[in-house]
Amino acid sequence: MTARSTRCTTAAKTRTSRLAAVAAIAVAGSMLLTACGDQTEGGSTKEGGTAANSAPLFSKLPADIQKAGVIKVGTDASYAPMEFTQDGKIVGVDPDIAAALGKQLGVKLEFTSGTFDGLITGLESGRHSLVMSSMTDNKKRQEGLDDDGKKIGKGVDFVDYFSSGVSLLVKKGNPQGVNSLDDLCGKTVAVQRGTIYEDTFKAQATKCGSNKLTIQAFDTDAEAQTRVKAGGAVADLNDYPVAAYIAKTSGGGKDFEVVGNQTDVGLMGIAVSKDDTQLRDAVKEALDAIIKDGTYAEALKKWDVEDSAVKSATINAGK
C-alpha cells in the first residue's frame, strides 16, 4: 500500500436471524474486496521502488537503494551550465544526464547542493551515495591524497562521463592582456577552493617564483567571478564549457571573455564510495546504455557541450 491509503469500513445492521446476518457478512466481505482491491503486499506499491520494477537495470542496484527508490547525489549547484540553481531547482548538464540514468536504473537521482570541497567528505559519511558535480577524475581523489601526497581518506571511484579542458576567464576586453598562465605572474587570480583549478594556479605560482602569483580562493566559483568582475583579480579558471557559458550569459555577454587555449584536457567522473562497487557498476552500465540509446547525446546538445562527450563509460580512467 502507498503511504497515503484509503481505509475501507463496513457497517452492518443485524435485525434478522443469525443465519441472515452470516449471509449479509459474506456479501459485505465480497463488496469490500471489490471496493478496496487486492491489499496484499504483492499487489501494492511500496514507498520508493516496486516489487516488479520494469527498469532495465533496477535489479543491478543495491537492495537498500531498490527499497528507497532514490539515490542521493551531492553537488555544488553554482557551476552553470553543468549544475546550477534556477527558480529554486537544480538544473544543468549533470541533472539532465542523471535523469536519463535514473530511467535506466528505475530510481530517482535526487540532488542536494553543498560546497565543493565538502562533497567527498559527504560521500564518505553517507550523506549522499554519489557525487555529480563536474568533478575531475584524478589519482589524488582516487587514492584519497592531499596536495602534498599525504593520505587523508580512503579515496573514491569514478564513473567517467564527460571530457573537458580548462580555460581562463577574464574581464571583458581583457584589460590586463592575459592570454596564458604565464601572463599571470605578478598578478592576482581568483578561484574556487578545493578544485583542480586551484591546484593549477598553485603550480603556476611555483613556476612564477619571485614574480609572485597571488591566489584568492573562495567557497564558490560565483564568488571568484565577482572578484574578477570587480577588478580585484585578473582571471578565474574553469572548465571550458563553464567558462564559455559564463562569458556568453553574464551581464548579457558584457562581463567576461574566455582567453587562450584549452589546457589540461581530462575526464570528469561520478564519484562513488570504494565500498559501493555494486552501485558503481550499475551506474557505469546505465551510462553505457544512455550513450547507446542517444539520450546522453541529447542532454549534451541541450546545453551546447557536445564536444565534451565520451564514447563509452570508464572507471577511474583519469590521470
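Tutor: Alanine 190 is found in strand β8, which covers residues 188-192. The model is predicted, and in it alanine 190 has a relative accessible area of 0%. Buried is the term for anything under 20%, so alanine 190 counts as buried. Leaving aside residues up to four places away in sequence, alanine 190 touches Phe201, Gln216, Phe218, Ala224, Arg227, Val228, Ala233, Ala235, Asp236 and Leu237. Aspartate 221 is 31 residues apart from alanine 190 along the chain, and the C-alpha atoms of the two are separated by 8.6 Å.

Next, the other strands. Strand β1 (residues 70-75) pairs with strand β5 (residues 108-113) in the parallel sense, over six bridges. Within that pairing, valine 70 stands opposite lysine 108 of β5. β1 also pairs in the parallel sense with strand β6 (residues 130-131), here over two bridges, and valine 73 stands opposite leucine 130 of β6.

A separate case is the open sheet of three strands, in the order β2-β3-β4, with antiparallel pairing. β2 (78-79) and β4 (89-91) each have a single partner strand and stand at the edges, so one side of each is left without a neighbour in the sheet. Two bridges join β2 to β3 (residues 83-86) in the antiparallel sense; tyrosine 79 has glutamate 83 of β3 as its bridge partner.

Now the helices. Helix α3 (residues 93-105) and helix α10 (residues 295-302) have axes that come within 9 Å and cross at roughly 160°. That angle makes α3 roughly antiparallel to α10, the cut-off being over 145 degrees. On the α3 side the contact is made by Val93, Asp96, Ile97 and Ala100, and on the α10 side by Thr295, Tyr296, Ala299, Leu300 and Lys302. The crossing of α3 past α10 is right-handed.

Helix α9 (residues 277-293) has 17 residues, which at 1.5 Å a residue should span 24 Å; the end C-alpha atoms of α9 are 24 Å apart, so the two values agree. Its buried residues are Leu279, Arg280, Ala282, Val283, Ala286, Leu287, Ile290 and Ile291. In general, an α-helix has 3.6 residues a turn, so residues three or four places apart point the same way. After α9 comes glycine 294, with a positive phi near 95°.

How values were computed: Residues numbered from 1 in each chain as written. Predicted model: local features only at pLDDT ≥ 70, side-chain atom pairs only at ≥ 80, totals over all residues. Heavy atoms only, no water. Pairing = 2+ DSSP bridges. Helix = DSSP H or I, 4+ residues; strand = E, 2+ residues; numbered from the N terminus. Expected span 1.5 Å × (residues − 1). Buried < 20%, exposed > 50% of the residue type's maximum accessible area, 1.4 Å probe, protein only. Axes fitted to C-alpha atoms, helices over the stretch in contact; angles between N-to-C directions. Parallel < 35°, antiparallel > 145°, perpendicular 65-115°, else oblique. Left-handed = near helix turned anticlockwise from the far one by under 90°. Contact = heavy atoms within 4.5 Å.
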